[in-house]
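I opened this entry to keep track of what I looked up, one topic at a time. The sequence and the model come next, and my notes follow them.

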Amino acid sequence: MDAQLGDDAAYHLAQLIRIDTTNPPGDETPAAEYLAELFTQAGLEPELIGAEPRRKNVIVRLAGDGSKAPLLLAAHLDVVPHEPARWTHGAFSGEIHDGYLWGRGAIDMKQMAIMCALTLIRLKQEGARLTRDLIFAGVADEEAGCALGSRGLVEHHPERVRAESALGAAGGFTVRLGGARLDPIGTAERGVVWMKMRMRGSPGHGSLPRPDNVVGRLGAAVSKLVSTRLPHHRTAIVERYLKQVAATQKPPARWLLKNLYVRRIADLVLAKLPDAGMRGAMQSMLSNTAVPTVLRAGAKTNVIPGEADAELDGRTLPNQTSAALIAEIKKVVEDEIEIEILRDLPPVENDPDSPLCALLADAIRRHDPGGVPVPYLMPGFTDAKSWSRLGTRSYGFMPVRFPDDGVKFGDLFHGHDERIPVDGLKWGVNVLYDVVKTFATT
Ligand SMILES: [Zn+2]
């Protein structure tokens, strides 16, 4: 453990948190400039790139001898909005209370930006002889779809960010389950299928009831979707995850986890799980999901509309397609619907046995004896979707060790009182530095 590296990470993360990059509107440029200044001071040559002056990305490259392919270290600089009244300490305070550094972006994911930046700077200062280029991308706009961030970079500046592999959101944090300490490494990510589900019916006067009233039918359809779990699908990554997690548990949890694909067992386990976050996470690994998020129907109290629609946030498992998801939705709804796809991003899946992934697991075992690295499927959406368009294999790895005090990464992610354990951050930056140095010098 290098204490200086840890102290620097805590200091600079507090500074970066104090720069408000809430998206919308974003305003990431001052955060990109803060990092660029650190790089410049270290003798590196960062670039600020972006179509909009207030939405810049910062890119920097530490050159290797080119004998191996580049590694991209990626973090987004924007953060999601917060409700000030629900926070114990200011969301942009960067203050330390009870061993935690507080603020929006503390774990999603300004900490990764700082850990990556300091790793690169340290390697530059050491004059490390690298076999591969290391690229850092601190990007804008991840929380609103990546158009001005990773997606824009991939489309307009691919040579700046092209890499064989990448480290980014969102694994590496401690999960405690039945006495075991797990360190998930993100090796796959579900697909995104945003949809508009439309229904048509006969319009009419509000004084004359009609059984085919489209408002009622849409309500029924949405209600069915909310209460129905779509069919289970086996995937290699989840099968492996469940097997490895099961091995850390005592019976009957061990047996139940291993057999979670069996519908009746999953129903039993999911119903018993006390933690809603954990329940959602389990469900997201077993089936595709389609969550209604927006409803539109009617404009006048005395008119039955002829049309109504709902927007659905669909997510697909590896090896699943938007067409397969739509077929599953139609089966549940059992009514005449049209589905228009608004956005379709396929799932991403990377080799959990690659040399880089093996290195990540090994680093976890060395730095966190007793911790169990497990490859996992990320339920959400990250910049990895963009990088994968250039053939980059992204792993979710932003190491932070959480103490056993009841504070959980999953609750803080987009939650109130987002904060990071200071010791866990100091640990994390050392782990990341170790991994990157090993991967880029051997
Ligand atoms: Zn986020």
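I began with burial, for which I call a residue buried if 20 or more other C-beta atoms lie within 10 Å of its own, exposed if 12 or fewer, and partly exposed in between, with C-beta atoms placed from the backbone. I also noted that helices (H or I, at least four residues) and strands (E, at least two) are DSSP runs, numbered from the N terminus. The model is a predicted one, in which local features need pLDDT of at least 70 and side-chain atom pairs count only at pLDDT 80 or more, while totals for chains, interfaces and linings use all residues. Residues are numbered from 1 along each chain as its sequence is written.

**Helix α6**

I looked up which residues of α6 are buried, and found Val-214, Arg-217, Leu-218 and Ala-221. Seen down the axis of α6, these buried residues fall within an arc of 100 degrees (the arc of the directions from the helix axis to the C-beta atoms), so they line one face of the helix. I recalled that an α-helix has 3.6 residues a turn, so residues three or four places apart point the same way. On the other side of α6 I found Ser-223, Val-226 and Ser-227 exposed. I then checked what covers the buried residues of α6, and the list includes β10 (191–200), β12 (289–297), β14 (307–316) and α11 (322–333).

**Helix α11**

I turned to α11, where Ser-322, Leu-325, Ile-326, Glu-328, Ile-329 and Val-333 are buried. Seen down the axis of α11, its buried residues fall within an arc of 160 degrees, so they line one face of the helix. The face turned away from this buried side carries Ala-323, Ala-327 and Lys-331, which are exposed. Among the elements that cover the buried residues of α11 I noted α6 and β15 (338–345). After α11 comes Glu-334, whose phi is positive, near 50 degrees.

**Domains and cores**

I noted that the chain is divided into domain 1 (3–187 + 348–441) and domain 2 (191–345), with bounds that come from an automatic or database domain assignment. Their contact takes 17 residues from domain 1 and 18 residues from domain 2, where two residues are in contact if their C-beta atoms, placed from the backbone, lie within 7 Å. On the side of domain 1 that touches domain 2, β17 gives the most, with 5 residues.

I next looked for nonpolar cores, each a set of buried Ala, Val, Leu, Ile, Met, Phe, Trp, Tyr and Cys residues joined through C-beta atoms within 7 Å. In the largest one, of 97 residues, those that touch the most other members are Leu-35, Leu-72, Leu-73, Ala-113, Cys-116 and Ala-117. Both domain 1 and domain 2 give residues to this core, so it lies between them. Apart from it I found another core, of 20 residues, among them Val-193, Val-214, Ala-308 and Ala-310.

**Asn-23**

Where does Asn-23 sit? I found Asn-23 in the loop between α1 (3–17) and α2 (29–41), and it is buried, with 22 other C-beta atoms within 10 Å. Leaving aside neighbours within four places in sequence, Asn-23 is in contact with Asp-78, Val-79, Asp-141, Glu-143 and Ala-144. The C-alpha atoms of Asn-23 and Leu-77 are separated by 9.6 Å, although these residues are 54 residues apart along the chain.
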